[in-house]
Amino acid sequence: MQREYHKWYSPSLGRDMELLIFGHAGAPVLMFPTSMGRFYECEDMGMINALADKIEAGFIQVYCVDSVDIESWYNWYASPGWRIGRHVAYDRYLHDEVLPLIGNLNSNGYLITAGCSFGAFQAANFAFRHPWRVHKVVAMSGRYNMRGYLGDYYDDNVYFNSPLDYISGMQDGDYKNRLQSMHLNFVAGGWDLPMCINETRQLHELLNSKGVGNNFEVWDDCGHDWHFWFRQIRKFI
């Protein structure tokens with residue numbers, strides 16, 4: 001399997017950022033790590049191995065990005081305004097720096113975002129914020145109400161990065177039309193964390209109420225762990 005390591009200084013974040021690429025061709029998959037995870041997590045935990053046949057066959061090419069969660073959502077010692085601002089900078093890094101890299105290396109044009117646990121939020125949120133760039137979402141065991149991470153603090157940046165909030169406010173128009181054209185897949189396990197099951201169901205029902213079709217499944221024999229996510233992701237990618 002082709003494996004590439006990339007590192008550069010990110011103007012958006014003001015520090016070095018790293019990522020790994022697996023595969024030589026196929027639909028690019030922007031893969032997010034779990035809470036405070038690193039760019040090598042999916043490889044170390046076995047997610048890349050679970051997708052190895054699809055990667056080696058040239059069906060997908062996986063881009064495993066780093067996170068800045070420890071500086072943003074999980075940075076309990078910084079002010080909430082600074083923390084959400086750090087996440088906004090991370091979104092800018094992904095859009096302005098990682099997507100151009102993908103475009104330069106891969107001409108497929110069909111972008112998938114994927115992740116499990118906190119990575120499911122990242123995958124869904126990035127796709128919802130940039131629906132003209134993303135075509136498919138695979139989000140497993142995620143949370144989609146982000147207010148609790150920032151206490152009582154609330155501003156436009158929080159609103160536009162908490163999917164249950166800004167999807168609630170979505171109106172008819174080009175943005176909604178684009179969401180309707182995406183392939184949205186949300187999965188939770190029957191033994192999953194209650195907050196993940198509940199918020200995934202809430203997002204599914206909210207999207208449906210807005211006329212945005214999406215696939216929501218609860219796998220009764222699965223919980224909140226990697227070996228369950230391996231099975232799930234193989235169905236949707």
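Helices (H or I, at least four residues) and strands (E, at least two) are DSSP runs, numbered from the N terminus. The structure is a predicted model, in which local features need pLDDT of at least 70 and side-chain atom pairs count only at pLDDT 80 or more, while totals for chains, interfaces and linings use all residues. Residues are numbered from 1 along each chain as its sequence is written, and side-chain values use heavy atoms, with hydrogens and water left out.

Ser-117 is placed in the loop between β5 (112-116) and α5. Its phi is near 60 degrees, a positive value in a residue other than glycine. Ser-141 lies in the loop between β6 (136-140) and α6 (156-159) and is buried, with a relative accessible area of 1%.

Helix α5 covers residues 118-129, and its end C-alpha atoms are 17 Å apart. The expected span of a helix is 1.5 Å times one less than its number of residues, so the 12 residues of α5 should span 16 Å, which agrees. Of these 12 residues, 11 are buried, so α5 is largely enclosed by the rest of the structure. The buried residues include Phe-118, Phe-121, Gln-122, Asn-125, Phe-126 and Phe-128.

In soluble globular proteins, nonpolar side chains tend to be buried together. A nonpolar core is a set of buried Ala, Val, Leu, Ile, Met, Phe, Trp, Tyr and Cys residues joined through side-chain atoms within 4.5 Å. The largest such core holds 41 residues, of which Tyr-90, Phe-128 and Phe-186 touch the most other members. Helix α4 (residues 80-105) contributes the largest share of this core, 8 residues. A second, separate core has 30 residues, among them Met-31, Ile-112, Trp-219 and Phe-228. Contact means heavy atoms within 4.5 Å. Leaving out residues up to four places away in sequence, Phe-186 touches residues including Ala-124, Phe-128, Tyr-144, Leu-203 and Phe-216.

One cavity of 30 Å³ or more is found in a search of the whole structure. On a 1 Å grid over the protein atoms alone, a cavity is a set of points where a 1.4 Å probe fits but cannot get out, and lining residues have an atom within 4 Å of a point. Grid points are joined across faces, edges and corners, and a volume is the space filled by probe spheres set on the points. The largest cavity contains about 30 Å³ of space. Its lining consists of His-87, Tyr-90, Asp-91, Leu-94, Gln-122, Asn-125 and Phe-126. The largest share of that lining, 4 residues, comes from α4.

Glu-199, in helix α9 (residues 194-209), is buried, with a relative accessible area of 8%. A polar atom of the Glu-199 side chain lies 3.0 Å from the backbone nitrogen of Asn-145. Ser-12, in the loop between β1 (3-10) and β2 (15-22), is buried at a relative accessible area of 15%. A polar contact is a pair of N or O atoms within 3.5 Å; within protein, one must be able to donate a hydrogen and the other to accept it, and residues adjacent in sequence count only if both atoms are side-chain atoms. The side chains of Ser-12 and Glu-97 make such a contact (2.7 Å).

How values were computed: Buried means under 20% relative accessible area, exposed over 50%, partly exposed in between (1.4 Å probe, protein chains only). On a 1 Å grid over the protein atoms alone, a cavity is a set of points where a 1.4 Å probe fits but cannot get out, and a pocket is an open set with protein on both sides within 12 Å along at least five of seven lines; lining residues have an atom within 4 Å of a point.
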